[in-house]
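Let's take a friendly walk through this model, stopping at a few places along the way. Have your viewer ready and follow along.

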Amino acid sequence: MRRYLGLLFTYRSREGTVAWLFHRISGLAIWAFLVLHVLDIYLVGDNPGAYDDILRFYASPVGRVLEVLLGAALLYHALNGLRIVIIDLWPSMAQYHKVLWRASWVIFILLGLPGAAIILLPLYRDSLTSLLHTLGIN
Amino acid sequence: MQVDLRILRYDPERDKKPHWETYRVESAPMDRVLDVLNAVKWEKDGTLTYRRSCAHGVCGSDAMLINGRNRLACKIRVDQLGKKISVAPLPGFAVIKDLVVDMEDFFAKYRSVHPYQIDERPMPVTERLQSPEDRARYDDTTKCILCAACTSSCPSFWAKDTYVGPAAIVQAHRFIFDTRDEGSDERLEILADADGVWRCRTIFNCTEACPRGIDITRAILEVSSAIVERSV
């Protein structure tokens, strides 16, 4: 494993390796969340108090930031997955793999930023309301 | 101009593990890294060991890790790399001495895909004709020089050295899509193995490393598509 990681991080790779690494990392993050999700749903019947505590944590500022990261992992994994499907189904698209990767980042930002803004809204709702009020927008 | 050439040296009779040695060499911008290596070997340290033959990017003997990427020493120019150049043996292979790696397993995998024309039909009186379109189908993979830059840059190969590797798949592709060949089924059968094409993770290191500009990932995916189509 040490030899493998040494080769992976010392070889001067390009977009393809970064895309694959992010895909693996986001996949692991999604898997970890699924395990957590199974556990917290299990608590509904076994220990409702603990379940409520977990929900309160999810709604806390730290919980919401983690939720944004989960959303980012899901979105990246889905978009890069589509990129791989396209290349797999049409091998001639392999020559455009970098273009497809950049396009997936554009979609990631276009969908991800509004999504993050909605998830984090409770954290800045008051400031936003007073700012809109100051600007005369209700 | 003066170039500092860092070389990962290893002599199994003297060293416990590889170590870096730096040599300052006089070089011209249009020199190839192979010229710089020759300057070290011929003028500074005759014990330096590396493979080279044609010195013109055809034989594929001098693929090595140059400034962090697999390249041919006889092809990459000094002015493309700068005044500090590092050279190490191909990653993922056992080192025999200095920049020479053990390629026995690499060539065993090459042989495993039957990289020759299989045709049991009676020998024709004239040559077997092929349309330009049919020839173009596998043109890209005829360019392979078996330098191993692709296989040695593949993280799937680093993780599991039983993976047949991009180079062998490229060689198989060259015959699988040749209309004059009758051995496609047996090659696809070999490459449908767990250590065949399915280990490719579309990382594209192989395509980036190929000194011949072969679209290797595309070739691998075309072979995997052929396996799927054959089994449907």
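At what angle do the axes of helix 5 and helix 6 of chain A cross? Before answering, please keep in mind that this is a predicted model. Helix 5 covers residues 97–119 of chain A, and its axis crosses that of helix 6 at roughly 80 degrees, the two axes coming within 6 Å. That makes the two helices of chain A roughly perpendicular, since angles from 65 to 115 degrees count as such. The angle and the distance between axes are the two quantities used to describe a packed pair of helices. On the side of helix 5 of chain A, the residues that meet helix 6 are Ala117(A), Ile118(A) and Ile119(A). Their partners in helix 6 of chain A are Leu121(A), Pro122(A) and Tyr124(A).

Along the way, helix 6 of chain A bends by about 30 degrees at Ser127(A). After helix 6 of chain A comes Gly136(A), with a positive phi near 80 degrees.

Now for another helix of chain A. His77(A) sits in helix 4, which runs over residues 61–89 of chain A.

Side chains of opposite charge can pair when their charged atoms come close. Over all chains, the structure holds 26 salt bridges. One of them joins Arg56(A) to Asp53(A), with the closest N and O atoms 3.0 Å apart. These two residues are three apart in helix 3 of chain A (residues 48–59), so about one helical turn separates them. Residues three or four places apart in an α-helix point the same way, because there are 3.6 residues a turn. Arg56(A) is exposed at 56% relative accessible area, while Asp53(A) is partly exposed at 44%.

Lys109(B) and Asp105(B) are four residues apart in helix 2 of chain B (residues 104–112), about one turn of the helix, and their closest N and O atoms are 2.8 Å apart in a salt bridge. Here Lys109(B) counts as buried, at 10% relative accessibility, and Asp105(B) as partly exposed, at 40%. Asp195(B) also forms a salt bridge, with Arg199(B), at 2.8 Å from N to O; Asp195(B) counts as buried at 19% relative accessibility.

Let's finish where the two chains come together. A network of salt bridges links Arg14(A), Glu15(A), Lys98(A) and Arg102(A) with Glu208(B). Asn67(B) lies in the loop between strand 3 (63–66) and strand 4 (69–72) of chain B. With a relative accessible area of 14%, Asn67(B) is buried. Not counting residues up to four places away in sequence, Asn67(B) touches Arg12(A) as well as Leu81(B), Lys84(B), Ile85(B) and Ser86(B).

Technical notes. Residues numbered from 1 in each chain as written. Chains lettered and ligands numbered in written order. Predicted model: local features only at pLDDT ≥ 70, side-chain atom pairs only at ≥ 80, totals over all residues. Heavy atoms only, no water. Salt bridge = Lys/Arg side-chain N within 4 Å of Asp/Glu carboxyl O. Buried < 20%, exposed > 50% of the residue type's maximum accessible area, 1.4 Å probe, protein only. Contact = heavy atoms within 4.5 Å. Bend = angle between axes of the 7 residues up to and from the residue. Axes fitted to C-alpha atoms, helices over the stretch in contact; angles between N-to-C directions. Parallel < 35°, antiparallel > 145°, perpendicular 65-115°, else oblique.
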